[in-house]
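Trainee: I have not looked at this structure before. Could we go through it by question and answer?

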Amino acid sequence: MALTSYNQIASRSLERIGALSDGLFAIAMTLIVLEIRVPDPGAIVTDADLSRALGLLLPHLVIYGLSFLTLGIFWNGQQTQLSYIARADRHLSWIYLAFLAFVALMPFSTSILGEFIDLRLALLLYWANIAVLGLILYGAWLYAIRAGLLREDVSAEVRGLVKRRIVVAQALYAFGALLSFTPLGTYGSIAWIVLVQLNFAVAPRIPWLSRI
């Protein structure tokens, strides 16, 4: 094929995409822990004071765990895709850059949810961040298929499994967001999303869940 433009040769390195992703995910995973602040020592004199202060940090600890799992699952999802892609092109690189832009927003949406854990809008903003990540990751996989960027040995079954995992996950997350409109409120939503995350984290060890 004759090369007629710079765009035909730009951004073809999968290794650079993977390296940038690893670095950005590592930074995001580090930033979310900064929302867990040491209690003010001036207001703490006794063990009981410290215990109460640590108790107030519990929502932040829960949201930290939730976001760490979220980032870990999306990192795993992107790495899975990259392992089946033979080569990149300019368009795929920009799709993954868009994905990483919303990964970089996770510390912000985590901070909002941690500070306003009782408010539905904070929960919905957090879910929106997850939804956009899933949408872009799904789009990247569809583009890689249609552009012929996958390895020749990638079967139709593998292509379908990757798509199904993203669709099922996003449907479960959306259900969790809807729970915030029920009497369960934001706490019910967060509990549901944590259970979904834990399922994806441990499912390979549980035969009937590994198919989800």
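Trainee: How many helices and how many strands does the protein chain have?

Mentor: This is a predicted model, and what follows describes that model. Read along the sequence, the pattern is α-α-α-α-α-α-α-α. The secondary structure therefore comes, with helices and strands taken as DSSP runs, to eight helices and zero strands.

Trainee: What percentage of the residues of the protein chain count as buried?

Mentor: Buried means under 20% relative accessible area. The protein chain exposes about 11,900 Å², and carbon and sulfur atoms supply 68% of that area. Of its 212 residues, the share that counts as buried is 37%.

Trainee: What share of the contacts with a separation of 6 or more comes from residues 24 or more positions apart?

Mentor: A contact here means heavy atoms within 4.5 Å. Among contacts in the protein chain with a separation of 6 or more, residues 24 or more positions apart account for 76%.

Trainee: Which element gives the largest share of the largest nonpolar core?

Mentor: The core has 44 residues, and those that touch the most other members are Leu71, Ile85, Tyr96, Phe99, Val103 and Leu113. Two or more residues each come from helix 1 (14-31), helix 3, helix 4 (90-104), helix 5, helix 6 (120-146), helix 7 (156-178) and helix 8 (185-202). The largest share, ten residues, comes from helix 6.

Trainee: Is Tyr96 buried or exposed?

Mentor: Tyr96 lies in helix 4. Leaving aside neighbours within four places in sequence, Tyr96 is in contact with Ile17, Gln78, Gln81, Leu82, Ile85, Leu137 and Ala140. Its C-alpha is 9.5 Å from that of Gly139, a residue 43 positions away in sequence. Relative accessibility is 1%, so Tyr96 counts as buried.

Trainee: Which residues is Phe99 in contact with, leaving aside neighbours within four places in sequence?

Mentor: Phe99 is one of the core residues that touch the most other members. With those sequence neighbours set aside, its contacts are Phe25, Phe74, Gln78, Leu133, Ile136 and Leu137.

Trainee: What is the volume of the largest cavity?

Mentor: Rolling a probe the size of a water molecule over the atoms shows where empty space is left. The count comes to one cavity of 30 Å³ or more. The volume of the largest cavity is about 40 Å³.

Trainee: Which helix gives the largest share of the lining of the largest cavity?

Mentor: The lining is made up of Ile32, Glu35, His60, Ile63, Tyr64, Thr110 and Gly114. Two or more of these residues come from each of helix 3 (58-84) and helix 5 (106-115). By type, the lining residues divide into three nonpolar, three polar and one charged. The largest share, three residues, comes from helix 3.

Trainee: How far apart are the C-alpha atoms of Leu31 and Pro107?

Mentor: Leu31 lies in helix 1. At 37% relative accessibility, Leu31 counts as partly exposed. Pro107 is 76 residues from Leu31 along the chain, and the C-alpha separation is 6.1 Å.

Trainee: Where is Leu119 found, and how far is Leu119 from Tyr187, C-alpha to C-alpha?

Mentor: Leu119 is found in the loop between helix 5 and helix 6. Its relative accessible area is 46%, so Leu119 is partly exposed. Leu119 and Tyr187 are 68 residues apart in sequence, and their C-alpha distance is 9.8 Å.

Technical notes
Residues are numbered from 1 along each chain as its sequence is written. This is a predicted model: local features need pLDDT of at least 70, side-chain atom pairs count only at pLDDT 80 or more; totals for chains, interfaces and linings use all residues. Side-chain values use heavy atoms; hydrogens and water are left out. Helices (H or I, at least four residues) and strands (E, at least two) are DSSP runs, numbered from the N terminus. Buried means under 20% relative accessible area, exposed over 50%, partly exposed in between (1.4 Å probe, protein chains only). Accessible areas come from the Shrake-Rupley method with a 1.4 Å probe; for residues, only the protein chains shown count as cover. On a 1 Å grid over the protein atoms alone, a cavity is a set of points where a 1.4 Å probe fits but cannot get out, and a pocket is an open set with protein on both sides within 12 Å along at least five of seven lines; lining residues have an atom within 4 Å of a point. Grid points are joined across faces, edges and corners, and a volume is the space filled by probe spheres set on the points. Ala, Val, Leu, Ile, Met, Phe, Trp, Tyr, Cys and Pro count as nonpolar, Asp, Glu, Lys and Arg as charged, and the others, Gly among them, as polar. A nonpolar core is a set of buried Ala, Val, Leu, Ile, Met, Phe, Trp, Tyr and Cys residues joined through side-chain atoms within 4.5 Å.
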